[in-house]
Amino acid sequence: MTIDEYILQHIDPEGDYLYRLFRATNIHTIHGRMASGHLQGRLLKMLVRMIRPKNILEVGTFSGYSAISMAEGLEGDGHLYTFEINDEMEDFTRPWIEGSPVADKITFLIGDALTEAPKLGILFDMAFIDGDKRTYRETYEMVMGILRPGGFILADNTLWDGHVVDHAYDRDQQTRGIDSFNEYIARDERVEKVILPLRDGLTLIRKK
């Protein structure tokens, strides 16, 4: 038994719906591993339980796994707004979101969150950044502008399979985007931050 298998056997189950979504994502999409999966999904739900946000913004829906996971942790009239810029994902993702037990807590939007999210006119309590790695810094600044003081940002893939410390990837634009973001956050005195070496790296950021 691997340590990963051990962990999954000793945390909350992901549930049948998310299990089927994860399987379908890996069968029907090219980059199935981009879905959050069991461990990260349960962590996202737990963080929502802890933070207790009223409004969550997600940048990068992909197949909807992370959106559903976070929505499971919402209380009362809490709501999640999730943006996916790739309209080719809509036919796969929308039925899974709209058929989920938490469909009433999720608004799924096709479009560029950089320009469209501020138009919602909502002050968010929490945001999950998981979109284009090349524009993480720009996305972060957009989110900071619509996040309340004391709010939280979760940024996914911030270790990028270890590529951030592998010089073989110095010219890779996505790796450079992540590394630039990490350096920027490290120097940003407006926030508190910590990187968790979970899966591909998850940075927890709190706006002061």
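This dialogue walks through a helix pair, then the pockets and the cavity of a predicted model.

Biologist: What should I know before reading the values?

Modeller: The model is predicted: local features need pLDDT of at least 70, side-chain atom pairs count only at pLDDT 80 or more, and totals for chains, interfaces and linings use all residues. Residues are numbered from 1 along each chain as its sequence is written, and side-chain values use heavy atoms, with hydrogens and water left out.

Biologist: How are two packed helices described?

Modeller: By the angle between their axes and the distance between the axes. Here, the axes of H2 (residues 16-28) and H5 (residues 90-98) come within 12 Å and cross at roughly 175°. Axes are lines fitted to C-alpha atoms, for helices over the stretch in contact, and angles run from 0 to 180 degrees between N-to-C directions. Helices are DSSP runs (H or I, at least four residues), strands likewise (E, at least two), numbered from the N terminus.

Biologist: What is the orientation of H2 and H5 to each other?

Modeller: H2 and H5 are therefore roughly antiparallel (angles over 145 degrees).

Biologist: Which residues of H2 and H5 meet?

Modeller: Tyr-17, Arg-20, Leu-21, Ala-24, Thr-25 and His-28 in H2 meet Phe-92, Pro-95 and Trp-96 in H5. Contact means heavy atoms within 4.5 Å. The H2 with H5 contact has 6 nonpolar, 2 polar and 1 charged residues. Nonpolar means Ala, Val, Leu, Ile, Met, Phe, Trp, Tyr, Cys and Pro; charged means Asp, Glu, Lys and Arg; the others, Gly among them, are polar.

Biologist: How is empty space found?

Modeller: Rolling a probe the size of a water molecule over the atoms shows where empty space is left. On a 1 Å grid over the protein atoms alone, a cavity is a set of points where a 1.4 Å probe fits but cannot get out; a pocket is an open set with protein on both sides within 12 Å along at least five of seven lines; lining residues have an atom within 4 Å of a point. Points are joined across faces, edges and corners, and a volume is the space filled by probe spheres set on the points.

Biologist: What is the volume of the largest pocket?

Modeller: About 1100 Å³. Of its 39 lining residues, Met-34, Asp-130, Gly-131, Asp-132 and Lys-133 are the closest to its centre. The lining divides into 14 nonpolar, 13 polar and 12 charged.

Biologist: Which helices each supply at least two residues to the lining of the second largest pocket?

Modeller: H1 (3-9) and H3 (37-51). That pocket has a volume of about 230 Å³.

Biologist: How much space lies in the largest cavity?

Modeller: About 40 Å³. Its lining includes Met-34 and Asp-130.

Note on methods
Angles under 35 degrees count as roughly parallel, over 145 as roughly antiparallel, 65 to 115 as roughly perpendicular and the rest as oblique.
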